[in-house]
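Hi,

Here is the structure I promised to pass on to you. Have a look at it first, and my notes follow below.

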Amino acid sequence: MTRYTVRTLLLEIALIVAAAVFISPMVVALNIALRPSGQAGSPLALTTSPSLENVVAAFTEGHLGAALLNSVVVTVGGTLIAITFSSWAAYYLVRRSGHLPRGLFMLFLAGLLLPIQLVTLPLYNTLHSLGLIGNLGGLLVHYAGSTMPFSVFLYASFLRSVATDYEEAAHIDGCGPASAFVHVVFPLLRPVTGTVLILNALAIYNDFFNPLLYLTGSGQQTAPVALQSFIGEYVANWPVIFAGVLVTVVPILALYFILQKHIIKGFAGGLKG
Amino acid sequence: MPFWFVMPALVSYVFVIVVPAAQGTGLAFTDWNGLSPQRDFVGLDNFVQLSADPIALGALGRTVVIALASMALVNLGGLALALGLNTQVKSRNILRTVFFAPAVISPLVVGYVFKFVLSPTGPVNGLLGAVGLADLKQVWLGDPHLALLAIIGVVAWQSVGTAMVIYLAGLQGVEPEQVEAALMDGAGLWQRLVNIVLPSIAPSILVNAMLTLISGLRVFDQVYAMTGGGPAGLTQSLATLFVELGFEFGRYGYAAALAVVLSVLVASFSALQFGLLRRGSKA
């Protein structure tokens with residue numbers, strides 16, 4: 001099993017061919033995005049003189065810059081809220097014993113079972129009456145709640161395996177619960193914080209359903225909503241659409257390539273729960 | 001430890017999820033149109049109507065088909081890739097990166113890329129023409145059956161890398177000694193897979209099956225991007241039909257009833273997963 005045989009070589013070739021076919025749609029999209037408007041031809045023909053003309057169009061005509069900025073604000077804000085709120089909550093829920101913490105934990109877990117559609121209509125109305133539709137505030141409120149079940153669950157599962165020795169030592173040294181959390185517990189949670197950060201940031205950055213509902217018609221957009229409006233505006237001006245895709249996807253792919261070990265581990269660990 | 005530690009999470013969760021979920025369930029028993037101050041309690045009317053509504057039943061059936069078919073594809077594909085990459089293949093790290101990459105991209109973007117790839121003058125038809133198979137050219141997303149297949153394929157394309165990664169983690173738990181002993185006994189590839197590998201990665205299979213099933217039931221972005229539910233509403237999923245009923249037609253009560261149906265489906269499968277996993281980890 002440990003030697004590189006002819007069969008391994010054949011397997012390797014088969015896998016490389018499969019990977020090339022697998023990723024080809026993204027390559028075709030990139031090829032189109034970089035094609036100057038003058039150059040006609042089949043989408044499969046290689047773009048010979050790549051230009052950033054479409055990317056410029058996506059920014060100037062499609063207002064992609066503002067949308068990207070909104071996406072970053074919502075992603076960073078939502079992820080920070082998720083990490084802060086859920087790590088505090090998990091600390092209380094795991095370290096306190098009794099019916100109340102256990103009941104509350106079950107309440108959070110129940111949220112894992114619900115599809116977002118069940119809450120959509122009433123929440124939309126509530127946020128509307130609070131003036132939170134059409135701006136990023138409503139979206140942040142939404143993520144503050146919707147990220148809780150999974151994040152609390154991840155933190156709680158991890159925290160159960162962390163020994164209480166350090167917290168007890170901190171307590172004896174005169175640390176209050178808040179300061180013990182900040183200086184002792186939270187640093188110990190770093191691996192799971194990575195998972196919570198990656199999964200929430202990706203989910204929020206890539207979320208389309210909620211920004212579509214909360215921001216439509218407001219002039220405020222996140223990147224996926226802006227792309228969707230491109231489709232309407234440019235009908236089938238695929239080069240500009242894919243330039244927009246390129247700009248929104250490249251930061252994520254770059255992060256993925258840099259942090260791939262952590263991201264893949266985060267996915268495998270987090271989703272396995 | 002003071003109670004306020006749990007307060008921010010609890011307040012936002014109750015405000016955003018718990019209360020609206022209760023309200024949404026309540027709405028399902030009314031005829032509210034979303035605008036008028038008046039809403040009447042209509043009992044089970046919405047559910048009775050749903051059970052006789054060909055559009056809703058079509059969306060329900062289709063959603064289940066998408067969920068089951070993508071579950072099968074993702075698991076077979078993910079397992080095959082994991083087995084292939086859990087070998088001495090030299091490019092395994094870069095290949096793993098490539099197959100997982102779609103998982104970090106937004107499903108909406110993926111939907112648009114494939115909408116183009118499958119468009120009448122797009123690359124797939126272009127390729128078929130170029131290799132002399134012009135007869136096989138199709139209006140892929142214009143035909144309801146082909147479009148449904150395409151949606152299933154795209155959902156699978158995006159999730160297969162995640163399944164692969166979970167299977168790769170599971171395969172680390174397979175005892176090499178057991179495999180070697182089986183080799184000594186002359187067990188073939190297939191026998192080793194069925195008798196040794198599959199039983200030891202059973203938890204990964206369960207996790208992957210349930211993850212893909214549940215996300216399949218919720219499918220929205222890919223349908224929205226690729227077909228918009230068309231042609232003639234024949235690729236509508238429960239989630240896209242919900243948006244159309246609630247936000248375009250203003251049938252809040254009816255849409256809420258549809259959301260309840262979707263919730264019951266998702267919740268039952270999630271609960272099943274939870275139960276099976278707990279049983280598995282105790283055994």
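A word on terms: helices (H or I, at least four residues) and strands (E, at least two) are DSSP runs, numbered from the N terminus. This is a predicted model, in which local features need pLDDT of at least 70 and side-chain atom pairs count only at pLDDT 80 or more, while totals for chains, interfaces and linings use all residues. Residues are numbered from 1 along each chain as its sequence is written, and chains are lettered from A and ligands numbered from 1 in the order in which they are written.

Let's start inside chain A. A:Thr120 sits in helix H5 (residues 117–129) of chain A. A:Thr120 counts as buried because 25 C-beta neighbours lie inside 10 Å (buried means 20 or more other C-beta atoms within 10 Å, exposed 12 or fewer, partly exposed in between, with C-beta atoms placed from the backbone).

Now the interface. Chain B brings 70 residues to the contact and chain A 73 (contact: C-beta atoms, placed from the backbone, within 7 Å). On the side of chain B that touches chain A, H1(B) gives the largest share, 13 residues.

One helix pair there is worth a look. Helix H1 (residues 6–33) of chain A packs against H5(B) at an angle of about 80°, with the axes 10 Å apart (axes are lines fitted to C-alpha atoms, for helices over the stretch in contact, and angles run from 0 to 180 degrees between N-to-C directions). H1(A) is therefore roughly perpendicular to H5(B) (65 to 115 degrees). Here A:Pro25, A:Met26, A:Val28 and A:Ala29 meet B:Val113, B:Phe114, B:Phe116 and B:Val117.

Best wishes

Conventions
Contact = placed C-beta atoms within 7 Å. Parallel < 35°, antiparallel > 145°, perpendicular 65-115°, else oblique.
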